[in-house]
Amino acid sequence: MKVSSTLHRLACFAMFLSISGGATAAPLEGDYAPEQHLQFALEEQSHRNYRSMLHHLRVAARSGLVEAQETLGLVLVAGQSIYGPAVRTDHCEALQWFIAAAKSGSELGVQQVHFLNRARNAPGFRGCKRGWR
């Protein structure tokens, strides 16, 4: 009788997973390496969970992971045009992440800092309250 009960529980659990799609959200907190947060962000992006994607990118970027700093900067430049209302365009925050990446030797960071510095004079470009560096 004990085997039957265990099989029943396993069957119920399998049915739950099939109904829920078997997907679990990426963890928001925990003792994860910056590279893991970057991976979580990419997974969330593929599921179009952009708020969670931003969270994980920021955690990884704050940890100094250059690839996360570059990616976060690009996401913030693209903003709503690619990610919809979940990600607002923020050239100022993007610039800060590109500067951080450039200071770590990122050529992409250097190029994007130059691009945003040139773009700030374009018509309709929203400036930063804190100013440019």
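The model is predicted, so local features need pLDDT of at least 70 and side-chain atom pairs count only at pLDDT 80 or more, while totals for chains, interfaces and linings use all residues. Residues are numbered from 1 along each chain as its sequence is written, and side-chain values use heavy atoms, without hydrogens and water.

**Helices H3 and H4**

- The axes of helix H3 (residues 50–62) and helix H4 (residues 66–78) come within 8 Å and cross at roughly 140 degrees.
- Helices here are DSSP runs (H or I, at least four residues), numbered from the N terminus.
- Axes are lines fitted to C-alpha atoms over the stretch in contact, with angles from 0 to 180 degrees between N-to-C directions.
- H3 and H4 are therefore oblique to each other; angles under 35 degrees count as roughly parallel, over 145 as roughly antiparallel, 65 to 115 as roughly perpendicular and the rest as oblique.
- On the H3 side, the contact (heavy atoms within 4.5 Å) includes Met 53, Leu 54 and Leu 57.
- On the H4 side, the residues in contact include Leu 72, Val 75 and Leu 76.

- Gly 84 lies in the loop between helix H5 (80–83) and helix H6 (91–103).
- Gly 84 counts as buried because its relative accessibility is 18%; buried means under 20% relative accessible area, exposed over 50%, and partly exposed in between (1.4 Å probe, protein chains only).
- Arg 48 is found in the loop between helix H2 (34–46) and H3.
- With 66% relative accessibility, Arg 48 counts as exposed.
- Phi of Arg 48 is near 60 degrees, a positive value in a residue other than glycine.
- The C-alpha atoms of Gly 84 and Arg 48 are separated by 9.8 Å, and the two residues are 36 residues apart along the chain.

How values were computed: Helices (H or I, at least four residues) and strands (E, at least two) are DSSP runs, numbered from the N terminus.
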